[in-house]
Amino acid sequence: MTHVEEKMLLSSLTSEFYSQTPPQGEAKVKRRRRKKARGDVDMEVKKRRLTDEQVKFLELNFGEEKKLESGRKMHLASELGLDPKQVSVWFQNRRARWKNKQMEEDYMKLKSMHDSVVVEKCHLENEVLKLKKRLEEAEELIKRISGGMGSSPSSSFSNNGVEGEADQLMYMSEYSYNGLMDWMCLYGV
DNA sequence: TTGTGTTTTATTGCCTCC
DNA sequence: GGAGGCAATAAAACACAA
């Protein structure tokens, strides 16, 4: 019996298994196979579990080439004493398992990358918070200093001949209180 | 022993390629 | 149009705790 004849026979035997046909225009929706009734002896297909040796040999071949061309299929089938159909089914299922495993590995890699990016983001956010706090402290200090001298910060800076107030502020926030003390000594504030 | 979850083998329908 | 691939699914076979 050819492959096609086999398929047609199976189709005719199983067509009655379907309770519904898909609505017009929804051909892509797969019909669900009806469960095989218990005791339906005619349709009973005994599953033959492959031996360890057979599986080992198939695994070896799968490792070499994941696809199965016709010649190799026939060769493997005769070598293992299996139906060529069983060999192709085994390869089909093995490819599906392999694909799942690959996806799982890809997922784990992406997850690990994502996790490290999240940690890095957390560190950066902490750093931003620290810097903001230092900036606030520096600004507060400047306010206090300029208030004590009875003039604006800019006038006090310019009075001492210093240019680039922004640069000075950056300097202060960078080196915090000790730096500020140095700066005050330097300009005699 | 039995209920339940997992794995393996097999089937089906659809799709693509030649 | 046929062969072969894939996704989805069924169901047998197996593992294992209770």
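Buried here means under 20% relative accessible area. The model in these views is predicted.

**View 1. Aromatic pair F62 and W90.** The rings of F62 and W90 are paired edge-to-face, with 6.3 Å from centre to centre and 85 degrees between the planes. This pair joins distant parts of the chain, since F62 belongs to helix α2 (residues 52-64) and W90 to helix α4 (residues 84-148), 28 residues apart. F62 and W90 are both buried.

**View 2. Surroundings of the F62 ring.** F62 belongs to one aromatic cluster together with W90 and F91. K66 is placed over the face of F62, 5.0 Å from the ring centre.

**View 3. The largest nonpolar core.** Nine residues form this core: L58, F62, L76, A77, L80, L82, V87, W90 and F91. Two or more residues come from each of α2, α3 (70-80) and α4. In soluble globular proteins, nonpolar side chains tend to be buried together. Leaving aside residues up to four places away in sequence, L80 has contacts with Q54, F57 and L58.

View 4. R72, L76, A77 and L80 are the buried residues of α3. They lie on the same side of α3 because the arc they cover around the axis is only 135 degrees. S70, G71 and S78, on the other side of α3, are exposed.

**View 5. The residue after α3.** G81 follows α3 and has a positive phi, near 65 degrees.

How values were computed. Residues are numbered from 1 along each chain as its sequence is written. Chains are lettered from A and ligands numbered from 1 in the order in which they are written. This is a predicted model: local features need pLDDT of at least 70, side-chain atom pairs count only at pLDDT 80 or more; totals for chains, interfaces and linings use all residues. Side-chain values use heavy atoms; hydrogens and water are left out. Rings of Phe, Tyr and Trp (its six-membered ring) pair if their centres lie within 6.5 Å; planes under 30 degrees apart count as stacked, over 60 as edge-to-face and the rest as tilted. Helices (H or I, at least four residues) and strands (E, at least two) are DSSP runs, numbered from the N terminus. Buried means under 20% relative accessible area, exposed over 50%, partly exposed in between (1.4 Å probe, protein chains only). A charge sits over a ring if NZ of Lys or CZ of Arg is within 6 Å of the ring centre and within 35 degrees of the ring normal. A nonpolar core is a set of buried Ala, Val, Leu, Ile, Met, Phe, Trp, Tyr and Cys residues joined through side-chain atoms within 4.5 Å. Contact means heavy atoms within 4.5 Å. The arc is that of the directions from the helix axis to the C-beta atoms.
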